[in-house]
Amino acid sequence: MEQYVFVYGTLLYNERNHRLIEGAHRVAKEAWMTGRLVDTTNGYPALVLDSDQAVYGEVYSVTSELLGKIDELEGYVPNGESHYERKVVEVKTDFGKFEAYTYYYESWKAEGLREVPFGDWRLDQQLKGNVPYYFAYGSCMDDERINLAGKLEEFDRLGVGRLDGYELQFTVNRPDGGRADIVEAEGEAVEGVVYEITEAARDYLYEREGAHSGMYRPAIVDVNFRDDLVPMLTFIVIDKKDEIAPPDHYLTEILRGGAPDVSEAYLERVRLRAERLNGGEISGD
């Protein structure tokens, strides 16, 4: 019998304990639940359920046998003294909700521990000691606004990247129209521009994308770049709305910004999507 498990720390893809579950089916790359994430200072985080913040992770479908192995890793003993407790929680994804097992700390065990920014362990680990490549898929592909902000020298444009398993949508509703987002979608792909950035560029992007005001959240995604799968910083909409057409000036920034690197076929799909949304049809390509 298979069941779901929500992972948020060292079991995540590319993290050090992922080998334990690498044969399991990853149901959702982008998943979240309410709580808060703390750094135990022992090389792994802990979920605490006393908050309505968002904690981000992945959902896997696992067998009972594999769930037992995860129990061992997490020090969970049913009806006994455990390092982590385990329970079924509601987990949200871009395509629905799941009831999934997860592992958590009682609140008293988290006292005095640092909260992980943005509830994202992989992001926290990637940002330690270095700034990862940046994957731009919307208006940030256009250098013009970056130049106007006096930050262009902080961005080294490297070329095109492809993010598989996601689709470009316009899920931010502004008075003048939609803004771009990436939404998990099987069989789809988003093309974008890869930059090598400085800390100053990262800070500029956090401000521009409203990372501290709850509009977009910083996240790490695995981008196909130069025949390799590379973890990169990007920004994902938190409160996704039904799509609306982007304004002409914003669409122009995407098309103009992507043109030097992104394929013409992909940019044409983006243009057609915006055109259909403008006609009232909210549908996939």
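Trainee: What should I know before we start?
Mentor: Residues are numbered from 1 along each chain as its sequence is written, and side-chain values use heavy atoms, with hydrogens and water left out. As this is a predicted model, local features need pLDDT of at least 70 and side-chain atom pairs count only at pLDDT 80 or more, while totals for chains, interfaces and linings use all residues.

Trainee: How many helices and strands does the chain have?
Mentor: Go by DSSP runs numbered from the N terminus: helices are H or I with at least four residues, strands are E with at least two. On that basis, the chain has six helices and twelve strands.

Trainee: What radius of gyration does the chain have, and what would a compact globule have?
Mentor: The radius is taken over C-alpha atoms, and the globule rule is 2.2 Å times the number of residues to the power 0.38. For 285 residues that rule gives a value near 19 Å, which agrees with the chain's own 20 Å.

Trainee: Is Val 5 buried or exposed?
Mentor: Val 5 sits in strand β1, residues 2-7. Buried means under 20% relative accessible area, exposed over 50%, and partly exposed in between, using a 1.4 Å probe and protein chains only. Val 5 has 0%, so call it buried.

Trainee: Which residues does Val 5 touch, beyond those up to four places away in sequence?
Mentor: Contact here means heavy atoms within 4.5 Å. With the residues up to four places away not counted, Val 5 touches Glu 58, Val 59, Tyr 60, Val 62, Ile 70, Ala 100, Tyr 101 and Tyr 103.

Trainee: Which side chain makes a polar contact with the side chain of Glu 30?
Mentor: Glu 30 belongs to strand β2, residues 25-34, and is buried at a relative accessible area of 9%. A polar contact is a pair of N or O atoms within 3.5 Å; within protein, one must be able to donate a hydrogen and the other to accept it, and residues adjacent in sequence count only if both atoms are side-chain atoms. At 2.6 Å, the partner is Tyr 166.

Trainee: And which side chain makes a polar contact with that of Asp 124?
Mentor: Asp 124 is in helix α2, residues 121-126, and is buried at 10% relative accessible area. Leaving aside neighbours within four places in sequence, its contacts are Arg 114, Val 116 and Pro 117. The side-chain polar contact, at 3.4 Å, is with Gln 125.
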